[in-house]
Amino acid sequence: MSASHDLTEELFPLTAQGAGRWTTVAGPEWRNPNGPLWGGYPIGLSLSVVAAEPEATGEPLSVTLTYVAALTAGEIEVRTRRLRQGGSVGVWEVDLRPAGAEGVSVQAIVTMARRPSTPAFLFARMPQAPEPESLPAPMSPGGARHFGAQAFERRTAESFPIQPQASSYSTAWVRPRLGPWDKPLLGMLTDNSPPRAFYALGHTVMTTTLSLTVYLHATAAEVAEAGRDWLLVEYEGRTGGGGTSDERSSYWRRDGKLLATSEQLVWYREVPRGAPE
């Protein structure tokens, strides 16, 4: 059994409850400051549970999540359903909900594939960035690490809090705290950046992820080659208005291998003003 498989089992301990039925327990350390679980948690859980399905073949190629309602810490019920299985590609549906809840909290579509050997090409280029060792280590107020900081160390030249500016483009180096890179951890990383609405409006808005799609271009072996090393992530938002804004991001191994890309749609709203004194 690989070290990454051991890590996945530790992060997402699954108990089979019958065909297409699983349960797990999410600890309070994965909660966002506003209460529900950090959005990266259901990404890793969805990828892990499909990999555990006896009839699943291949490895994760993409995952699309719709965040329907708050998913809370505690016992989680997971329901899976295979939608299609072809010769190389299979598609699975995953529903996540708090134990005993009637409605779905997070719905995911996971594409699995056997990866053939084909000629490779790359049009994109890894951006220039300061070496991670030259950047300051993040501070954890009170010594506590929660949600994304529980899983990742993030280093960037940005200053916080974020101020409105002319560009939403930024880069950050990220490495895993809990174990070597694998596809569930890489998927979790795709929901670990400041919302791009902050770069236009500052911290005058609150945000919630509506949907997120991760494209896992690299094979599982190519992801594993990163070990515990830093990955360079580049982020960019293109537009916002009518309550929604977008973000796209790319995930680079230090040697220039593009591992994954993601697209995210965010709902944003103005922070309520306090009543005048």
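Two strands are taken to pair if DSSP finds at least two bridges between them. Helices (H or I, at least four residues) and strands (E, at least two) are DSSP runs, numbered from the N terminus. The structure is a predicted model, in which local features need pLDDT of at least 70 and side-chain atom pairs count only at pLDDT 80 or more, while totals for chains, interfaces and linings use all residues. Residues are numbered from 1 along each chain as its sequence is written, and side-chain values use heavy atoms, with hydrogens and water left out.

The description begins with strand β5. Strands β5 (residues 89-98) and β6 (residues 106-113) run antiparallel and are joined by eight bridges, with W92 standing opposite V110 in β6. On β4 (74-85), V78 stands opposite L96 of β5. Nine bridges join β4 to β5, again in an antiparallel arrangement, and the two form a hairpin with three residues between them. Burial here means under 20% relative accessible area, whereas exposed means over 50% and partly exposed lies in between (1.4 Å probe, protein chains only). Eight of the ten residues of β5 are buried, so this strand is largely enclosed by the rest of the structure.

The loop between β3 and β4 contains T72, which counts as partly exposed at 33% relative accessibility. Contact is defined as heavy atoms within 4.5 Å. Not counting residues up to four places away in sequence, T72 touches L37 and P98. T72 and T111 are 39 residues apart in sequence, and their C-alpha atoms are 25 Å apart in space. T111 is also one of the contacts of S62, which include I109, V110, V214 and Y215 when neighbours within four places in sequence are left aside. S62 lies in strand β3 (residues 59-67) and is buried, with a relative accessible area of 14%.

Strand β7 (residues 152-155) runs antiparallel to β8, and four bridges join them. Within this pairing, F152 has P176 as its bridge partner, and R154 has V174. In a regular strand the side chains alternate between the two faces of the sheet. Strand β8 (residues 170-176) has six of its seven residues buried, so it is largely enclosed by the rest of the structure. Five bridges join β8 to the antiparallel strand β10 (residues 231-236), where Y235 is the bridge partner of S170. In the loop between β7 and β8 lies P161, and the peptide bond from F160 to P161 is cis, with omega near 0°.

Helix α2 (residues 40-52) has 13 residues and reaches 19 Å from its first C-alpha to its last, close to the 18 Å expected at 1.5 Å a residue; the expected span is 1.5 Å times one less than the number of residues. Eleven of the 13 residues of α2 are buried, which leaves the helix mostly covered.

A pocket is an open set of points on a 1 Å grid over the protein atoms alone, where a 1.4 Å probe fits, with protein on both sides within 12 Å along at least five of seven lines; lining residues have an atom within 4 Å of a point. The second largest pocket has a volume of about 540 Å³, the volume being the space filled by probe spheres set on the points. Its lining comprises 17 residues, of which R115, A120, F121, H217 and K257 lie nearest its centre.
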